[in-house]
Amino acid sequence: MKNNVFNILKKELRETFRDKKSLTMMLIIPIMIPLLVIGISALFESEINKPVTEYNKIGFDYELNDVEKKIIKDLEIDPVNKSRKSLQKEYEEEKIDLYITKDNNQYVIHGTNNDTTAYATTLAEGYFSAYKEYLQKEYLEKGDIPVDDIMNIITLKKDIVEKENFYANYITSYAFLFIIMAITISATYPATDATAGERERGTLETLLTFPIKSRDIIVGKFLSVSFSSIVTGMISLILMVISLIVANQSFDIYKDVNLMLSPASFVFATIVIGAYSFLISGLCIAIASKSKSFKEAQSALTPLTFISFFPSFIAFMMELKIGVVSSLIPFLNFTLLFTDIVNGNFNLLYVLLVVLSTAITIFLVLKIIISQYKSEKVLFVN
C-alpha cells in the first residue's frame, strides 16, 4: 500500500509542479497578503492622522467676536464669513467642509454624511464646547459666584485599559481570511486536474486498470492536493508574519502593540493551516470527482471559495468567541481558533477539538470517494 500511495503521490506532485497554473496559484496568490496588510495599515494610518487642513474650512453666517476668533485660531479652523446662501453654494461646490448658521442663540451645523464632514463636525463641536465654557464662566463671574466651585462640581478621570488594539485585530483577522481563501483557491485546480481532468483526458481509465487499490489512488491524490495547499498556506503565513513585522515598525496605529507571533502561536497557527488544508483538499476532490469535465468541476468548486470564506467573515464581524460547539463547526472553527492563537490566549482543548472534528470529516469524505472509485461508474458520471 505504501509504495502504491507514494507512487500516486509522486505522479500527482510531478504533474502539479509541471503545470504553470498550479504553480501560479500556489506561489503567486500568497504575495497578495503583504499588499493587504501594508495597504490596509496605510489606509488606517492616513485616516487617523488626517491633517487638520483637509477638513478645517468652516463657514459662519454671523460675525465672530474676539473670543470666538481666538478659539478658532487655537483649533486651527479656517473660517469663512459669508451669507447663508453663499455658504450653502460653496459647500455644494466643495469649497468649504462645513458651515454653521445662527438664529438668536440657536446654532445649526450643516453638512452631509461623509468622512470629511464627520472630522469637520468634531472640530466645530470642539469650538462650541470651548465657547460655551467661556460664556458659563463669564456668567458666573458677573453673578459673583465662585467659578471653580461650579465648573468643577464633579471631577472625572478615566482608568480604561485597552486590552486589544482594534487595528491589530482587524489586520490579523483579515490576513487569515485571505490565507483561507488562498489555500482554497490553491486546492481547487490540482483537485480538479487529478479527478475530472484525468477522466476528461482518458488517463483515469488506464490508472484504474493497474493493480492498485482505489484507496491507494484516492489517498495519493488527496495527499498531493493537500501538499500543494499546505505549501500555499505556509508561504502565506510566513509572508503574513513578515508583513506584520514591517507594519508594526512602520505605522503609529500599532504603537505599543506587538504584532509578532510567539513561537508557540506560530506552531499552532501551522497546525490550523495544515488541518484546514487537509479538509479543503478532501472536499475539493469529493466535488471534482463527481464532475464530468474539467470546466464543470471548476464551476462546481467556485461556490466552495465563498462557503469557506463566509463563516469566517461573519465570525469576525460579529466578534464571536470559540467554544466547545463552535470548535466542531467546519470553517467557522478555524477562524475563531486562529484569532485566539494570534492573541496568545488559545485553549489546547479547542485545538484538539478542531483537529479531531476535521479528521473525522476528512475520513468520512475520503471513505465516500473511495467507494465511488471502486465502481466503474466513476468513469461515466451522469
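Reader: At roughly what angle do the axes of helix H10 and helix H11 cross?

Author: This is a predicted model, in which local features need pLDDT of at least 70, side-chain atom pairs count only at pLDDT 80 or more, and totals for chains, interfaces and linings use all residues. Residues are numbered from 1 along each chain as its sequence is written, and side-chain values use heavy atoms, without hydrogens and water. Helices are DSSP runs (H or I, at least four residues) numbered from the N terminus, and axes are lines fitted to C-alpha atoms over the stretch in contact, with angles from 0 to 180 degrees between N-to-C directions. The axes of H10 (residues 214-250) and H11 (residues 263-288) come within 8 Å and cross at roughly 140 degrees.

Reader: How many residues of the contact of H10 with H11 are charged?

Author: Contact means heavy atoms within 4.5 Å. Residues of H10 including Lys221, Phe222 and Leu223 meet residues of H11, among them Phe266 and Ala269. Ala, Val, Leu, Ile, Met, Phe, Trp, Tyr, Cys and Pro count as nonpolar, Asp, Glu, Lys and Arg as charged, and the others, Gly among them, as polar. The contact divides into 13 nonpolar residues, eight polar and, as charged, one.

Reader: Which helix gives the most to the lining of the second largest cavity?

Author: A cavity is a set of points on a 1 Å grid over the protein atoms alone where a 1.4 Å probe fits but cannot get out, and lining residues have an atom within 4 Å of a point. The lining consists of Asn169, Thr172, Ser173, Phe338, Thr339, Val342 and Asn343. Helix H8 (166-201) and helix H13 (332-343) each give two or more residues. With four residues, the helix that gives the most is H13.

Technical notes:
1 Å grid on protein atoms, 1.4 Å probe; cavity = no way out; pocket = protein on both sides within 12 Å on 5 of 7 lines; lining within 4 Å.
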